[in-house]
Amino acid sequence: MNWIEIKNLQSISLDEIPRLTLDDLRSQAVEKIKSGKRLIQFFGDKESDAITIYAIVADDNNSKLYISSSKIKPEQAYRSMTPEAPSASLFERELYEQCGITPEGHPWLKPVRKGIAGIDRSETPYKFFYMSGEEVHEVGVGPIHAGIIEPGHFRFSCHGEKIFHLEIELGFQHRGVEALFAKNNDRPAYLEKLSESIAGDTVIGHCGTFIRAMESAANISVSRSAKTIRTIALELERIAIHLGDLSALSGDVAYLTGNSVFGALRTKVINTTMAMCGNRFGRGLLALGGVNYGINPKLKEKIASMLDELDDAVLLAGEVLFSSASTLERFEKTGIVEKETAIEIGMVGPAARASGVSIDVRADHPFGGYEYFPVHKLTLDSGDVFARAYIRFVEIQQSIKILREQLNNLPEGELKKTLAALQPNRLVVSLTEGWRGEIAHVLRTDRDGKIKCLKIKDPSFNNWFAVALAVREEGISDFPLCNKSFDLSYCGVDL
Amino acid sequence: MLDLLKLRKRHGFQAIANVRNAAVMETHRGFPIIDETKYTNDWQKVADVCPTKAITTHPAAIDLGKCIFCGECERASNGAIRFSNDHKIAASKKEHLVITSGATYAEYRASAIEARKKIHSLFGRSLKLRQVSAGGCNGCEMELSACGNVNFDMGRFGIDFVASPRHADGIVITGPITKNMAPALSDAYKSISEPKIVIAVGACTISGGVFANSEETNREFINTVRIDLFIPGCPPHPLTIINAILDFIGKK
């Protein structure tokens with residue numbers, strides 16, 4: 001057996017994971033990706049004298065994951081997968097930066113988080129991709145942007161208004177999150193809070209992914225009641241952000257009614273999360289072993305009536321937004337990502353579904369509360385700003401439906417169990433469909449049952465390159481609109 | 001067209017009419033009330049549950065600059081620590097942020113923010129701020145954005161966020177200050193003309209928060225610059241932020 005088959009959240013012993021030579025691991029991974037599987041992790045786990053490289057691919061249609069590994073000496077090189085499987089590009093760059101393993105023949109081996117353009121002034125500045133021509137000019141934006149958003153650098157090569165190429169350099173938010181997880185492995189309560197700050201707009205998504213991995217490694221299962229509350233929290237988070245995005249997209253095309261209405265609706269949703277747990281983003285709600293807060297009948301009533309109000313309002317606001325000629329004129333055929341491209345570069349989440357790629361972790365690799373009911377995968381075909389906006393509109397309605405069902409079938413039971421000790425030498429792959437798409441954490445324990453490494457992948461990691469492709473041939477003034485239609489995280493990638 | 005009118009009618013007037021007196025929901029964790037005597041065990045045990053080491057033992061106190069308001073200590077302390085929903089918790093000096101056993105909200109409010117005449121005459125009618133996220137997780141950033149939305153509408157007081165530091169009277173900093181953002185942050189600060197104010201928002205900026213032990217931060221700038229206003233929270237509620245700024249510029 002060269003690869004073993006596992007499921008989302010299945011804890012496996014390290015001994016079960018096959019060992020291949022790096023060349024074999026590489027060529028078999030490429031083969032799998034070419035046959036329609038999706039690369040979800042490819043990373044190195046450093047030990048004192050060796051590096052273990054893990055490759056994990058997903059077979060979404062059959063709800064299966066495949067994992068294999070290779071143990072090598074530091075500074076070894078291998079033939080890059082990227083020319084044959086472009087979705088491996090950022091994984092290989094990250095592996096190169098974190099472990100010093102060179103993917104030979106990688107077409108664009110540049111930094112992910114370190115030594116970025118002129119940051120460390122003692123270093124030679126990074127040289128951006130350069131386009132020459134008589135009327136070609138460059139526009140540099142960032143790291144600090146005009147609004148209240150996270151930092152990142154965008155370098156446009158333009159001809160007049162038209163964008164020929166966009167290079168995105170991130171890394172400015174690098175806080176050493178993965179290192180903090182390994183370094184503080186004796187303080188699980190701290191790590192629970194740290195996981196809420198991997199990306200502050202995905203508190204429930206990332207924290208949920210992490211604690212499910214921990215629970216699996218400790219071999220405990222949480223109560224149905226806790227699972228349901230976690231599901232409710234995740235769907236509320238999805239609705240809130242989608243509403244915020246529709247508000248911002250309306251603002252970007254100067255449709256101010258939409259900007260105000262969707263914004264005000266978002267406030268109602270995050271205030272509901274606050275009624276549950278005291279924080280508008282759900283901080284403090286999830287806990288290792290369950291949840292910290294239950295839903296009493298009064299709160300249940302409050303959530304239900306918020307949903308009733310929301311349902312009507314979203315439908316009306318959506319109809320007005322998507323029937324306005326001035327909005328559609330800006331949304332339609334802007335920033336197109338074709339389905340083939342989306343698959344090739346490994347896109348995930350609503351952005352991928354807007355390009356016709358039918359993937360959704362809730363349906364493909366069910367976790368937590370989603371094991372008990374089916375989630376219908378929604379897709380659109382056009383892959384433009386319109387599709388990425390409209391998919392949010394329909395996903396909000398879908399989430400409202402899920403929330404109603406969950407509320408009406410709220411099980412009683414204990415909210416929180418004590419977390420047992422983690423089992424030694426285990427590995428768990430934990431996948432979650434956050435509002436942006438697939439969140440993947442890989443947890444590995446050492447022989448003492450402590451976290452040896454936590455590898456984190458935010459969906460933005462898969463999707464940033466799509467932004468660069470979407471804006472090609474578009475006017476530079478449409479960049480904010482295209483960018484917002486993806487709404488990707490900087491800190492989720494920078495870690 | 002009819003739908004649009006219907007939508008606008010339904011939307012109505014969403015702004016909180018009186019931002020100064022509005023209360024935050026009961027569940028909100030705001031100003032902590034500490035009564036050391038209620039906990040008879042070793043106070044160190046309460047201190048140990050704090051993920052950001054915000055609780056000290058001698059004297060028993062919580063440093064709001066480090067606190068992420070997760071509520072773990074409330075659960076562990078048999079009622080010796082209780083988070084009230086009182087949300088106006090900002091201070092103009094870092095020392096004020098340390099809340100000791102027996103301290104009341106009224107006392108704290110009386111001295112936490114010093115409204116200076118000079119500041120009022122300069123910025124009382126118009127304050128333009130430049131926000132810089134230096135490793136922020138987007139939590140504080142979203143709440144700062146929310147300050148300008150239809151519910152909170154901070155613009156009604158003449159307080160706005162602007163695109164360029166050249167247009168700004170001050171800088172609002174979020175995040176633990178990553179090494180990679182430290183130079184850009186200090187550039188932005190230098191680009192603002194004097195007199196300028198500095199506002200630190202969130203546990204990360206004030207103390208490093210959950211990233212206090214990270215090797216990827218560079219807190220040299222934040223430790224040396226004069227900070228005029230500390231707004232604690234993880235993230236702070238928009239009403240905490242707006243009221244802090246209004247108190248600071250001496251608006252009634």
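Entry 1: I started at Arg444(A), which stands opposite Cys453(A) in β15(A). This is a predicted model, where local features need pLDDT of at least 70, side-chain atom pairs count only at pLDDT 80 or more, and totals for chains, interfaces and linings use all residues. Residues are numbered from 1 along each chain as its sequence is written, while chains are lettered from A and ligands numbered from 1 in the order in which they are written.

I then looked up the partner strand: β14 of chain A (residues 438–445) runs antiparallel to β15(A), and six bridges join them. For pairing I used DSSP, with at least two bridges between two strands; strands are DSSP runs of E, at least two residues, and helices runs of H or I, at least four, numbered from the N terminus. Five residues lie between the strands of this hairpin, and Gly449(A) takes a positive phi near 75° there.

**Entry 2: cover on β15.** How many residues of β15(A) are buried? I found seven of seven in this strand, residues 451–457. Buried means 20 or more other C-beta atoms within 10 Å of the residue's own, with C-beta atoms placed from the backbone.

**Entry 3: the sheet.** I traced an open sheet of four strands in chain A, ordered β2-β13-β14-β15 with antiparallel pairing. β2 (11–13) and β15 of chain A each have a single partner strand, so one side of each is left without a neighbour in the sheet. The twist averages 15° from one strand to the next. Helix α5 of chain A (residues 203–217) packs on this sheet, touching β2, β13 (426–433) and β14, and its direction makes about 150° with that of β13(A). Axes here are lines fitted to C-alpha atoms, for helices over the stretch in contact, with angles from 0 to 180 degrees between N-to-C directions.

**Entry 4: two domains.** I noted domain 1 (4–104) and domain 2 (181–458) in chain A, with bounds from an automatic or database domain assignment. Their C-alpha centres lie 27 Å apart. In contact (C-beta atoms within 7 Å) are 21 residues of domain 1 of chain A and 27 residues of domain 2 of chain A. On the domain 1 side, β3(A) gives the largest share, six residues.

Methods: A residue is buried if 20 or more other C-beta atoms lie within 10 Å of its own, exposed if 12 or fewer, and partly exposed in between; C-beta atoms are placed from the backbone. Two residues are in contact if their C-beta atoms, placed from the backbone, lie within 7 Å.
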